[in-house]
Amino acid sequence: MGNGLTAGGLYAVARLLSAESLASKKARLFAATLTDAALAEQMERLAGRHAQRFAALLALLAE
């Protein structure tokens, strides 16, 4: 793992990964329960953005 992160940096990235994962899951759950199609679509887009941030953070660890 040549990403140059310190132990504290790794801890911070791990916490961010957890938060982004949870936010994505919650947004998808809300999207599934909303009856307003427009709001549900916005929640799905929000979940997608959280998933993208999760993937970017994970890629940071893989460097």
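This report describes the fold, salt bridges and selected residue contacts of a predicted model.

## Basis of the model

Residues are numbered from 1 along each chain as its sequence is written, and side-chain values use heavy atoms, with hydrogens and water left out. In this predicted model, local features need pLDDT of at least 70 and side-chain atom pairs count only at pLDDT 80 or more, while totals for chains, interfaces and linings use all residues.

## Overall form

The protein chain has 2 helices and 0 strands; helices (H or I, at least four residues) and strands (E, at least two) are DSSP runs, numbered from the N terminus. The chain is more spread out than a compact globule, because its radius of gyration is 14 Å, well over the 11 Å that the globule rule gives for 63 residues. That radius is taken over C-alpha atoms, and the rule is 2.2 Å times the number of residues to the power 0.38. Along the principal axes, the C-alpha atoms fill a box of roughly 45 × 15 × 10 Å.

Helix H1 covers residues 7-33, and helix H2 covers residues 37-62. Of the contacts in the chain with a separation of 6 or more, 60% are between residues 24 or more positions apart; contact means heavy atoms within 4.5 Å.

## Surface and charge

Of the 63 residues, 19% count as buried (buried means under 20% relative accessible area, exposed over 50%, partly exposed in between, with a 1.4 Å probe and protein chains only). The accessible surface of the chain comes to about 4,400 Å², and carbon and sulfur atoms hold 65% of this area. Accessible areas come from the Shrake-Rupley method with a 1.4 Å probe; for residues, only the protein chains shown count as cover.

There are 7 positive and 5 negative side chains, and the centres of the two sets lie 6 Å apart. Lys and Arg count as positive and Asp and Glu as negative, while His and the chain ends are not counted. The place of a charge is taken as NZ of Lys, CZ of Arg, CG of Asp or CD of Glu.

## Salt bridges

Side chains of opposite charge can pair when their charged atoms come close. The structure holds 3 salt bridges, each defined as a side-chain nitrogen of Lys or Arg within 4 Å of a carboxyl oxygen of Asp or Glu. One of them joins the side chains of Glu20 and Arg53, at 3.4 Å from N to O. This pair links distant parts of the chain, with Glu20 in helix H1 and Arg53 in helix H2, 33 residues apart. Glu20 counts as buried because its relative accessibility is 13%, whereas Arg53 is partly exposed, with a relative accessible area of 37%.

Glu44 and Arg28 form another salt bridge, their closest N and O atoms being 2.7 Å apart. This pair also links distant parts of the chain: Glu44 belongs to helix H2 and Arg28 to helix H1, 16 residues apart. Glu44 is partly exposed at 36% relative accessibility, and Arg28 is partly exposed at 36%. The side chains of Glu41 and Arg45 meet in a salt bridge at 2.9 Å, N to O. Both residues lie in helix H2, 4 residues apart, about one turn of the helix. Glu41 is partly exposed with a relative accessible area of 48%, and Arg45 is partly exposed at 43%.

## Contacts between the helices

The contacts below leave out residues up to four places away in sequence. Ala27, in helix H1, is buried at 2% relative accessibility and touches Met43, Leu46 and Ala47.

On helix H2, His50 is buried at 13% relative accessibility, and its contacts are Glu20, Ala23 and Ser24. Phe54, likewise found in helix H2, is partly exposed, with a relative accessible area of 29%. Phe54 touches Leu17, Glu20 and Ser21. The C-alpha atoms of Phe54 and Leu22, 32 residues apart along the chain, are separated by 10.0 Å.
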